[in-house]
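Please read the points below with the model open beside you, and look up each place as it is named.

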Amino acid sequence: MKSTPKALHPLATAALLATLALGAQAQSSVNVYGLMDLSVGSTKAPGGPATTAVDSGKMTTSYYGFGGREDLGGGLAATFRIEGFLRATSGDAGRFTGDPQFSRTASVGLSSARLGSLTLGRNTTALFVSTLGFNAFGDSFGYSPSIRHYFTSGTTTGDSGWSESIGYASPTWGGFKAGAMVTSKTGNGGNWSVNLGYGAGPLAVSLVHQQVKKDGTTPTQDTDTTQLGASYDFGVAKAFLQLGQVDNDTTGNDYTISGVGARVPLGAGAVIAQYGQIAPQTGADRHTLSVGYLHNLSKRTELYAVAMHDKIDGLSSGGGYSLGIRHRF
């Protein structure tokens, strides 16, 4: 992997950008935002030992961000987003050691209500957005079967965000929208994706296809992924469905990934449940079931209690539980 310059301490960077943001308020709209997620619990990978710890980002990876827009006239606006992950238990930047400081998003672009938006830089992939949008556990790397099966189980390659990318998102026409993204071909290849979506009333549907030939590893793992997602809000409950196919062109192995879930409002929160399965052409199947309760203390602060059972055929069962808090700012 190519080396990157040593990142500034995240707190120093945040203070600097916050100062710049306050100075720019008179000229354009600039926002400071983020999320802190901390919990205590136990985790056991299938076939591995159990560990108990205070964790950061089990339900949503903790992050901070700066974003804004400037009205250029005629319905056109310039936009930017700079977002970095952090490990709130230690204050370290990134999701892991060596992760770039602003690996969540670092982009600038143009936006038009009539023409859509075009952004350059590091952009979140449509596959990741679709995966989090059509399962009951959202973007939880700790507990969402969907997120874990696509992004941490050796199936899809290419990360949840692509560097050196150009992304386009269309405006919405009668509930329909579309998008596309492509990366440069420097290094070990280039990636591309296309997506279609529909959302009106209680029904939402998403179809995404991506090809990865540049995943940041050596040697690279080339994969093709197609995913169909759907949800329907019945009022008393919201149901989720995902069907996906991942073809690894490097190893020749293919994976069918499926999932179903539900979110049921209850009191000041909701009960959530999601089941997912990986069925590889070669190798052991994986079955993951997660359940939990989310309790809203306010519009920005939430308590959660969740548990997971994770089984790979031929290995001892894994899983875990967490009691935690998410706070958005």
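1. When the whole structure is searched, one cavity of 30 Å³ or more is found, and the space in this largest cavity is about 30 Å³. A cavity here is a set of points, on a 1 Å grid over the protein atoms alone, where a 1.4 Å probe fits but cannot get out, whereas a pocket is an open set with protein on both sides within 12 Å along at least five of seven lines; residues with an atom within 4 Å of a point count as lining. Grid points are joined across faces, edges and corners, and the volume is the space filled by probe spheres set on them.

2. Please keep in mind that this is a predicted model, in which local features need pLDDT of at least 70, side-chain atom pairs count only at pLDDT 80 or more, and totals for chains, interfaces and linings use all residues. Residues are numbered from 1 along each chain as its sequence is written, and side-chain values use heavy atoms, with hydrogens and water left out.

3. Which residues line the largest cavity? They are Pro145, Ser146, His149, Tyr150, Gln242, Ile257, Ser258, Gly259 and Gly276, and by class they divide into three nonpolar, six polar and no charged. In this scheme Ala, Val, Leu, Ile, Met, Phe, Trp, Tyr, Cys and Pro are nonpolar, Asp, Glu, Lys and Arg are charged, and the others, Gly among them, are polar. Helix α3 gives the most to this lining, with four residues; helices (H or I, at least four residues) and strands (E, at least two) are DSSP runs numbered from the N terminus.

4. Gly276, in strand β15 (residues 269-280), is buried, with a relative accessible area of 2%; buried means under 20%, exposed over 50%, and partly exposed in between, with a 1.4 Å probe and protein chains only. Although Gly276 and Pro145 are 131 residues apart in sequence, their C-alpha atoms are 5.3 Å apart in space.

5. Tyr150, another name from the cavity lining, also belongs to the largest nonpolar core, which has eleven residues, including Phe128, Phe151, Val246 and Ile257. Such a core is a set of buried Ala, Val, Leu, Ile, Met, Phe, Trp, Tyr and Cys residues joined through side-chain atoms within 4.5 Å. Helices α2 and α3 (145-151) and strand β14 (254-266) each supply at least two residues of this core, and a second, separate core of ten residues includes Ala136, Ile272, Leu294 and Val306.

6. In α2, the buried residues are Ala126, Leu127, Phe128, Ser130 and Thr131, and they pack against β7, α3, β10, β11, β12 (223-233) and β13 (238-248), where contact means heavy atoms within 4.5 Å.

7. The second largest pocket holds about 790 Å³ of space. Of its 38 lining residues, the closest to its centre are Thr124, Ala126, Val129, Ala169 and Asn195. The largest share of the lining, six residues, comes from β10, and by class the lining has 15 nonpolar, 21 polar and two charged residues.

8. Is Gln211 buried or exposed? Gln211, in strand β11, is buried, because its relative accessible area is 18%. Its side chain makes a polar contact with the side chain of Asp224 (3.0 Å), a term for a pair of N or O atoms within 3.5 Å in which, within protein, one must be able to donate a hydrogen and the other to accept it, while residues adjacent in sequence count only if both atoms are side-chain atoms.
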